[in-house]
Amino acid sequence: MSKLSKNWITEGLIDFEYKKYQLLAYLQETDKSFKAIKLYPPLGELIEHHRNLNAFKSGKRQLSDMFPKALESVDFKKKKLNYQSQSDDSEMMKEIHLITDFAIEKIQDQIYEGRAIYDFVEDHIAFEPVGILPIYTKEGFVFLTREKRSDIHAFRYQSSLLQIAGERFRSISLWLGGIFQRTLVRTLEALKLELIREIKELPNPAAWRMHSKQDFPIEETLLPISKRLLLQHVSK
């Protein structure tokens, strides 16, 4: 899928009709993804674009930061390159504000659509522990299953704390451990014991089952949602 640059408004030709065409072409691609129930990365990108546009409109983001810059001089003493922002014209500013207002509304509509699909998917997902949960739940397994399919996607997860600009955030890393076939003998509980025997550093891991009642895409939809669900449970 084609992407929209973070500074797409100020890159290239600054013309309302051209930028409108550029934005609508991008939104057409995100719409195709949503119709295929592929939520990520398009939904995350739309939210970031919307946040950037609103920050610019409210004056929280300097317009000069969004424009390409030309090299003006070199300060050899300070070992520094000095750049000149290529933004000035008042007519150009009017054009940018027109583009911004148009883009905010269109992107917001697309975000509403993406969130409606997200809610629909989440309503068709069951998330529950496998067996008895240990006290320590910051790492373990997630078993992803889908209705009418016998395959089990077994993932390992690990939760960690990140510190960004003085704020602490919990993140989840998720990686595939293997794809197994569910049988009368290989239940989720049996698979959990099988993995414990193989992975010695997790003697008593937490294990969760994420079951999708419909055949949604794994990479683009089920995995991002499982990360969010995991964060809700391991952060308690």
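Which residues of helix 1 are buried? In this predicted model, local features need pLDDT of at least 70 and side-chain atom pairs count only at pLDDT 80 or more, while totals for chains, interfaces and linings use all residues. Residues are numbered from 1 along each chain as its sequence is written, and side-chain values use heavy atoms, with hydrogens and water left out.

In helix 1, the buried residues are Phe16, Lys19, Leu23, Tyr26, Leu27, Thr30, Asp31, Ser33 and Phe34. Viewed down the helix axis, the buried residues of helix 1 fall within an arc of 150 degrees, so they line one face of the helix; the arc is that of the directions from the helix axis to the C-beta atoms. An α-helix has 3.6 residues a turn, so residues three or four places apart point the same way. Glu17, Tyr21, Gln28, Lys32 and Lys35 are exposed on the other side of helix 1. Here buried means under 20% relative accessible area, exposed over 50%, and partly exposed in between (1.4 Å probe, protein chains only). The cover over the buried residues of helix 1 includes helix 2 (42-57) and helix 3.

Helix 1 (residues 16-35) has 20 residues and spans 28 Å from its first C-alpha to its last, close to the 28 Å expected at 1.5 Å a residue; the expected span is 1.5 Å times one less than the number of residues. At the start of helix 1, a side-chain oxygen of Asp15 comes to within 3.2 Å of the backbone nitrogen of Glu17. Just after helix 1, Ile37 has a positive phi of about 55 degrees.

The chain has five helices and seven strands, assigned as DSSP runs (helices H or I, at least four residues; strands E, at least two) and numbered from the N terminus. Their pattern along the sequence is α-α-β-β-α-β-β-β-β-α-β-α. Of the 236 residues of the chain, 42% count as buried.

The largest nonpolar core has 44 residues, and those with the most contacts inside it are Leu23, Ile107, Tyr157, Leu222, Ile225 and Leu230. Such a core is a set of buried Ala, Val, Leu, Ile, Met, Phe, Trp, Tyr and Cys residues joined through side-chain atoms within 4.5 Å. Helix 3 (residues 90-123) supplies the largest share of this core, 11 residues. A second, separate core of 13 residues includes Val130, Ile152, Leu188 and Ile196. Not counting residues up to four places away in sequence, Leu222 touches Val121, Ile125, Leu144, Arg146, Met210, Ser212, Phe216 and Pro217, where contact means heavy atoms within 4.5 Å.

Conventions:
A polar contact is a pair of N or O atoms within 3.5 Å; within protein, one must be able to donate a hydrogen and the other to accept it, and residues adjacent in sequence count only if both atoms are side-chain atoms.
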